[in-house]
Amino acid sequence: MEPEYRKGLDELAQHYKRILSLLGEDAGREGLQKTPMRVAKAMQVLTCGYEMDAHQVLRDALFKEDYSQMVIVKDIDFFSLCEHHMLPFYGKAHVAYIPNGYITGLSKIARVVDIYSHRLQVQERMTLQIKECIEQTLHPLGVMVVVEARHMCMQMRGVEKQNSITTTSDFSGAFKQAKTRQEFMNLIHN
């Protein structure tokens, strides 16, 4: 079953056909004839986050609950495209919040990560966007996000460092206390 593609798919495929020619390939040869459309479809899937509202995803599963301890969703697999080279970066996101009268469905936290990762991104901005979305929608006592990723732009080109991992974090509210941050870090690395 094919996903629904956005407007501009055919035009995007034509651009990829031109790119193949500019790279010195014969876009008409057997192995490449369908490649421009396949790449156009892939790019629309990889950037589908532009069409989604992460705040609404959280609001759709908002529940009043008298719980005020840390809620952690860890090891959320994600992949994204670096906006500088349009090469993949991928890894895990770890998200925690301390409710303030409302909770959200746990899968919605992972969905927020998916939405922001399915855009042209930099890891730093993605980390901030995830935190801000949860903060602005749930109004919790605090939010903390840690993202660990491998960047193909560092592995395949440039410095070619295959084993490097980039870690970013952002936090607010109760997580400004070192003790609370440390509890979160201990829990995600156990």
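Is Cys133 buried or exposed? Cys133 counts as buried, at 1% relative accessibility, where buried means under 20% relative accessible area, exposed over 50% and partly exposed in between (1.4 Å probe, protein chains only). The model is predicted: local features need pLDDT of at least 70, side-chain atom pairs count only at pLDDT 80 or more, and totals for chains, interfaces and linings use all residues. Residues are numbered from 1 along each chain as its sequence is written, and side-chain values use heavy atoms, with hydrogens and water left out.

**Cysteines**

- A disulfide is defined as a pair of cysteine sulfur atoms within 2.5 Å, and by this rule the count is zero disulfides.
- Cys153 takes part in no disulfide, the nearest cysteine sulfur being that of Cys82 at 4.1 Å.
- Cys153 is buried, with a relative accessible area of 11%.

- Gln123 lies in helix 5, residues 123-138; helices (H or I, at least four residues) and strands (E, at least two) are DSSP runs numbered from the N terminus.
- The relative accessible area of Gln123 is 1%, and the residue is buried.
- The side chain of Gln123 reaches the backbone oxygen of Val147 at 2.9 Å.
- The side chains of Gln123 and Thr168 are joined by a polar contact of 3.2 Å; a polar contact is a pair of N or O atoms within 3.5 Å, and within protein one must be able to donate a hydrogen and the other to accept it, while residues adjacent in sequence count only if both atoms are side-chain atoms.
- Leaving aside residues up to four places away in sequence, Gln123 touches Phe89, Val147, Glu148, Ala149, His151, Thr166, Thr167 and Thr168, contact meaning heavy atoms within 4.5 Å.

**Asp26 in a loop**

- Asp26 is placed in the loop between helix 1 (9-22) and helix 2 (35-46).
- With a relative accessible area of 47%, Asp26 is partly exposed.
- The backbone nitrogen of Gly28 is reached by the side chain of Asp26 at 2.9 Å.

**Residues with positive phi**

- Asp75, although not a glycine, has a positive phi of about 60°.
- Asp75 is found in strand 2, residues 71-82, and is partly exposed, with a relative accessible area of 36%.
- Met86 is not a glycine either, yet has a positive phi of about 55°.
- Met86 is located in the loop between strand 2 and strand 3 (88-98), and counts as partly exposed at 40% relative accessibility.
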